[in-house]
Amino acid sequence: MDDKLITISGKIDGIRLDSRILEEQIQDAVAKGYRQLEVQAFGQHGIGGRLWRAGSDPVHVTVQGYSGQRLGSLGFPNTLIEVNGPVSDDVGWLNAGAQIVVRGNAGNGAVNAMSQGKVYIAGNIGSRGMTMTKQNPRFPAPELWVLGSVGDYFGEFMAGGVAVICGIHPQCPDNVLGYRPLVGMVGGKVFFRGPHKGFSQVDAKIAPITEEDWQWLTRNLEAFLRTIERPHLLESLIQPDAWQLLVARTPKEKAGRQRRPMASFHRDVWDKELGKGGLLGDLVSSDRGPIPLIPTGNLRRYAPVWENRKYKSPCEASCPTGIPVPERWRLIREGRVDEAVDLALTYTPFPASVCGYLCPNLCMQACTRQQAQMPAVDITRLGKASIDAKLPNLPEITGKSIAIIGAGPAGLSVAWQLRLKGHNVTVFDLAGSMGGKMASVIPETRIPKAIITAELERVQSVIPHVHLRQQLEKADIERFQEDYDFLVIAVGAQKPRMLPIPGKERALTALEFLKQSKAGDIRSGKQVVIIGAGNVGCDVATEAHRLGAESITLLDVQEPASFGKERKDAEAAGAVFRWPCVTREITADGVILSTGEKIPADRVVVSIGDAPDLEFLPGDILTERGYIQVNADYQTSVPTIFAIGDAVKPGLLTDAIGSGRKAALAILHTIDHQIPEADDRSVIELRRVSLEYFDPRITEFTDVDSCGSQCSSCGACRDCGICVAICPQVAIRRMEIIPDGYEYRVDADRCIGCGFCAGACPCGVWNLVENPLVE
Amino acid sequence: MPSNRPITPSTLSVRDLPWQIVWDKDKCTLCGQCTAICPVHALELGVFRKRTVALPLGIIGAPPENHTQLFYGIRQKTDPAFACVGCAMCTMVCPNGAISPHRSDDMDKLVFHRDRGGLPRSRGGRRNTPGTVLDQIKFIRISMLTDPALDAGRHEFEIRTLLGRVLPPEDNLKFIRQNGWIPPVREIYPLMIGGMSFGALSPNMWEGLQMGVVYLNEELGMPVRISTGEGGCPPRLLRSRFLKYVILQIASGYFGWDEIIHAIPDMKEDPCAIEIKYGQGAKPGDGGLLMWYKVNRLIAAIRGVPAGVSLPSPPTHQTQYSIEESVAKMIQSMSMAWGFRVPVYPKISGTSTAMAVLNNLTRNPYAGGLGIDGEDGGTGAAYNISMNHMGHPIASNIRDAYLGLVTAGMENEIPLIAGGGIGKSGNLAANAAALIMLGASGIQVGKYIMQATAGCVGAESDRCNICNIGQCPKGITSQDPRLYRRLDPELVAQRLVDVFLSFDMELRKIIAPLGRSTSLPIGMSDALGVSDYHIAERLKINYVV
């Protein structure tokens, strides 16, 4: 059957057959056993494809005339198609094994999606040739041989097969590969000969032609040339130097394809055009290079500072006397109990009487611990212990002489401070004993007599010149101004206020009552009415109860201002507090209120405060509303005269003692011609202190040691070392400072500014502050 | 909080804050990184006391015992001044994954207390509303062999737009004949980097963006342009060939303009264009203020002012109250400065009055375009009220402007440049393409660029948004070298390149199926569809479901 030949014409009776009819005739002929087919083509499409009915028999199709599109499409391996002339588009489309020989040019789309077979073109091909070609591993690779050149967009998405472009009489002599070849190429090889104008660098690359490649090329080239009947070209074509090979880049090569690295661009383009340092090199010299997120040293935004004693503790700040309370607890913690006790005498002559008994302890009211509902550190224990405090060494008296008028707490405080500094002080008082109201008025229920006596004796041992029962006149003051360098007026408030109402002469003042009761020469009544329900009124009530009163009523025009122990004691004595009550008249048997109500009384005490008695003052000492005018240093309008205590402003004992100390400091500064150093320390912010370290189940303190241990030492380092331990960077060290100090230091080169030290510090000593920018 | 702490009206619990720090005691290693990195000091080390009461089972007479242990941990501050901003830098630096901020699922109570001292809240970022109309627009016209079907990967694209006044050919001929001059036009990439000033941005960020732009131009052939924003331009850039990639902005503060003027004789190249800023989408009708602490020596030098003074840019140009004045004064004078070789165009906030501006520009051949910045634009600092409640959406604004030009027969003669929240949800190319098809010739982006090139963590869930306080945790908007040195200009440049290349590919993927490869589908609104009927009607695009 091999030689059984049939000629099929694409025209019958001068009428061109449809491609479908011609296809039917060709398939029919093959089915009938014809293996040599000669087709007279008149532009029919798809000639020679799909000839599977021949089984494994070779089928030879010769095409004469004009082939249409898709010659040999879906061709089978048994098929050989020879075209004696050019072919239209898409020759060998989806070719699955046919050999196609075209003795002329081919149009666009040659061998698109071919996967097996060979296609020989004895001319040029149009655009988009060899696109989407593949190689199935089960079969040999498809081949496209082009004698001339290929058109534009050659080999797009080429995935396999071999193309050989010989470059003989190319359509464009300067470019055998056409425009933009091999876009999307992923496999296969392209041998070409002749000039080109680039290919998809992304997808393809020039590869060396190996010996094996060359062998293959020359062997098959000979077959190609023979088949297309141009064997004479062989010699000129087998010049190895003239050939190049393009292969697909591997996926790895594609992934790693390099644009110019930015670093190189930065250096060689950017900086070259702009100058050294780039965009801003002319304006800044500082380093702008990258840094890590968590830097150390100057690059930290925040840095810790050890602010030991930079701020006042709330207790110290609230003590009018100015006693550095945390310092005393520090000494306690260090086992230096004596020093803690003795320290008080530097600040006050009455640490036991006042801190231990009579003071409402403003320090404790301010104690930070109360923020967490924990009891304040109990200063009264330390106060009471101060009865045994050792006197500081007294310097020789070498200094100035100062007269102090008034031997109450304020006067003795200023005298004490000045004497401790070696000045010659002389104290005058109207009364027959020292101590002022503290000694003569405050009931013994509030302080044991022995305590006050002992402290007054201690004062006397320090201040020898105390002149009692001195009724001073204006002339004395003027004389003192001549005789003494400074004068301090500390006369207190000794003039009780009285109500301007009928029957006022029937009442006693609180001052009279308390003085007499303390001296033991008064009887209380059975029914006592006290007008004025402040703390002094409460003292009166307590004393009246002690003296046998059966009913005690305290009246006030407003809600009583009394508080603390005085109030509690009065309430314990059964005193009744009534307000608002305005007294209209005091009668022989009671008090009549503005409402007309009569409260029976056989003893009426008026306790509405005392005013200073300033009759003796020279006129050049200015007063205001009955009190002496002073500046912040307790200096009066006469520069060498100071005034302190209740004569300036009514207050607590600690206020009086504090004013004495401050006036003494002012006098000392004046003597030394120093500008006083203002203590501008503010109070530490409470949030800086960590109370979590302390035991919340302690409800009261049993001894000074427990007080010391539970003191958070606000603002003053406890030397606990927690900061050293918590620092994640090991950046904090404790440094000994000769002779006996220490400090905690930060190694900036280790520190990251996390603020853990500030967060952990029990005392609030560490702070995290903005790190100054170093440019 | 101490048990006895006084409570104030602004005393809040962690639960009242918008962001809550979740911290895992078991994982925490107490390394201090989180407290060190937190830009707003929202975190601190806390000392905690843990009490347990121990007693045996059965009440058998043995006394219960109290045990107390101390431990340390990370505590979130509740003071509104230190409220967590959710930037999650703590999470980034934590070696153990022990800490992260979480957005409260409850309504933020801090919002009621952000007016301390009577000052309303200001912040950086964008409107705190996610999503935009642009995100809803789809491209419904896919060439199924109807138009030439293009392959975004295979075909050649030349995505370009024109900036400058494009006169009809007959007008151009007339101009040439009569004046010897036609308006300058630039062929540029349609995605432009919007104005972010030297000062609003850190030096490293600014340099990185400029470097990336030059790379795109000179290494990749993409004619990308960047606006300087209102803060002048570094002298070296003014005198380099790179100036041609730069759009110089002039705004109401006029900062740095004397330095620009002094540099004119030394310029090797003309700038790409001059942008006259009249408004900003993020804070329409409001000005800006570069706080004194950001005005360091460097910024001062570039802006031509002394260091350490606050620099106000008022809401308006002080001598101009109408577009007529603006055209007469600024557009013409700016054109004169470069011999009429440089396009000059105004940029305004999105507004219902945009058409009035556009109408005026159409009558003036010096007007090189109109930038409209919509309400979703970003900023380094603005009042919250301006950002969240002021402004006009860009979509209908640009559409109206384009259709107005169509009515006048002048479409594409005055390029419209759209800005404001483009790519807000990450859909940069889709948003840009939608705007182009609605009628924009070009697109300006700022915030997206910061997010994509420098890792800005700001979000529309009110995350971070602290550009205004100079503490940008990524170093994008800070003038503190300790922060901005976190940013490597080279890496910013590299990211910018990646962003533009990927944008380019995405844009191709949108316009290739439309059969466009070399001319932008400006105004090709038949390709747009939306499933919201009212949006479709308003924008005159297809309603599709």
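In strand 27 of chain A, residue A:V606 is the bridge partner of A:I531, where strands are DSSP runs of E of at least two residues, helices are runs of H or I of at least four residues, and both are numbered from the N terminus. The model in which this pair is found is predicted, so that local features need pLDDT of at least 70 and side-chain atom pairs count only at pLDDT 80 or more, while totals for chains, interfaces and linings use all residues. Residues are numbered from 1 along each chain as its sequence is written, and chains are lettered from A and ligands numbered from 1 in the order in which they are written.

Strand 21 (residues 527-531) and strand 27 (residues 603-606) of chain A pair in the parallel sense over four bridges, two strands being counted as paired if DSSP finds at least two bridges between them. Both strands take part in an open sheet of five strands in chain A, whose order is 20-27-21-22-23 and whose pairing is parallel. At the edges of this sheet are strand 20 (508-509) and strand 23 (576-578) of chain A, each of which pairs on one side only. Helix 17 (residues 535-546) of chain A packs on the sheet and touches strand 21, strand 22 (551-555) and strand 27 of chain A, a contact being two residues whose C-beta atoms, placed from the backbone, lie within 7 Å. The direction of helix 17 of chain A makes about 170° with that of strand 22 of chain A; axes are lines fitted to C-alpha atoms, for helices over the stretch in contact, and angles run from 0 to 180 degrees between N-to-C directions.

A cis peptide bond joins A:W579 to A:P580, with omega about -5°.

Chain A also contains a second open sheet of five strands with parallel pairing, in the order 17-16-15-18-31. Its edge strands are strand 17 (466-467) and strand 31 of chain A, and each pairs on one side only. Helix 19 (residues 653-671) of chain A packs on this sheet, touching strand 15, strand 18 and strand 31 of chain A, and its direction makes about 160° with that of strand 31 of chain A.

Strand 18 of chain A can be followed residue by residue. Strand 15 (residues 401-405) of chain A pairs with strand 18 of chain A in the parallel sense over four bridges; A:A403 has A:L487 as its bridge partner, and A:I404 stands opposite A:V488. Three bridges join strand 18 of chain A to strand 31 (residues 641-643) of chain A, and these two strands run parallel, with A:A643 as the bridge partner of A:I489. From strand 18 (residues 486-489) of chain A, A:F486 and A:V488 point one way and A:L487 and A:I489 the other way, and all are buried; a residue is buried if 20 or more other C-beta atoms lie within 10 Å of its own, exposed if 12 or fewer, and partly exposed in between, with C-beta atoms placed from the backbone.

At the level of domains, whose bounds come from an automatic or database domain assignment, chain A is divided into domain 1 (105-249), domain 2 (255-281), domain 3 (401-493 + 612-671) and domain 4 (498-608). The C-alpha centres of domain 2 and domain 3 of chain A lie 83 Å apart.

In chain B, B:D462 has a positive phi, near 65°, although B:D462 is a residue other than glycine. B:D462 lies in the loop between helix 14 (447-454) and helix 15 (481-484) of chain B, and counts as buried because 20 other C-beta atoms are within 10 Å.
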